[in-house]
Amino acid sequence: MKILKLVLIIGLTFVGFLLVAKWILRGAFGPIYRTVEIEVNNDKTIICKETYSADFAGVFYDVDFTLKEKNKEDINLGQVTFSNENWDEGLTLNEIKIGDWIVLPIEQGSRSIILMTNQKLKIFKDTTFSPLYLHHDKKWKNRYGELSPWPYGVGSKIDSIVRNDLYINYKYRIGINSPSKFYYQTIRYKMELTTGNFTTDTIFDRID
């Protein structure tokens, strides 16, 4: 009888340990869900549904953005993966209509991201603008060919959107060895209304 009780106690202790370990691992690695609502105006709200997960490489906050407008069907605007817990702090969202596209500009760390949806064509697109991608831009590479292999990113910021023109301000560093030079530069992109693709239109002079 004593042996049976001992086995029962050990078994219950082991099950309890497994449940606690599962709870701890779930808290550390997820998934964990939460919803953030960001008001655009009295009639519009952007619903941000976050899924937190992690592995030994890092933490990930996958956020699905949905536009909710009074008396209208909800519109899925796409998803962005953030790497910081407080991704929503200071985030101001305001969708923009360009042709048949609904455009949502988002700034995430050193990147600027444009989420777009076209309900008529049933297309969702996202485009990332980062200094690390400049050397893939043919116009930029042709202009700064001797330096193009080593653009180290510091950041990008959406300056403005005028009709289907997008202005991005970059700050980046050139050179693999110290001392490196830092530059500020604005590039204008044109959005193709039929595809939603952005093409480089004007590369303004950079300043150091």
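Is S130 buried or exposed? S130 is buried, at a relative accessible area of 4%, where buried means under 20% relative accessible area, exposed over 50% and partly exposed in between, with a 1.4 Å probe and protein chains only.

Before I continue, a word on the basis of this presentation. This is a predicted model, in which local features need pLDDT of at least 70 and side-chain atom pairs count only at pLDDT 80 or more, while totals for chains, interfaces and linings use all residues. Residues are numbered from 1 along each chain as its sequence is written, and side-chain values use heavy atoms, with hydrogens and water left out.

To return to S130, this residue sits in the loop between strand 8 (123-129) and helix 2 (138-143). Helices (H or I, at least four residues) and strands (E, at least two) are DSSP runs, numbered from the N terminus. Setting aside residues up to four places away in sequence, S130 touches S110, R111, S156 and Y170; contact here means heavy atoms within 4.5 Å.

T117 and G196 are 79 residues apart in sequence, yet their C-alpha atoms are 8.8 Å apart in space.

Now to the nonpolar cores. A nonpolar core is a set of buried Ala, Val, Leu, Ile, Met, Phe, Trp, Tyr and Cys residues joined through side-chain atoms within 4.5 Å. The largest one has 22 residues, and C48, F65, L93 and I106 touch the most other members. At least two residues of this core come from each of strand 1 (32-39), strand 2 (44-55), strand 3 (58-69), strand 4 (75-82), strand 6 (101-108) and strand 7. A second, separate core has 21 residues, among them Y144, L166, I187 and M191. In soluble globular proteins, nonpolar side chains tend to be buried together. As for C48, its contacts beyond four places in sequence include V36, I38, V63, F65, W87 and L93.

Finally, the backbone. Most residues other than glycine have a negative phi. K122, which is not a glycine, has a positive phi of about 55°.
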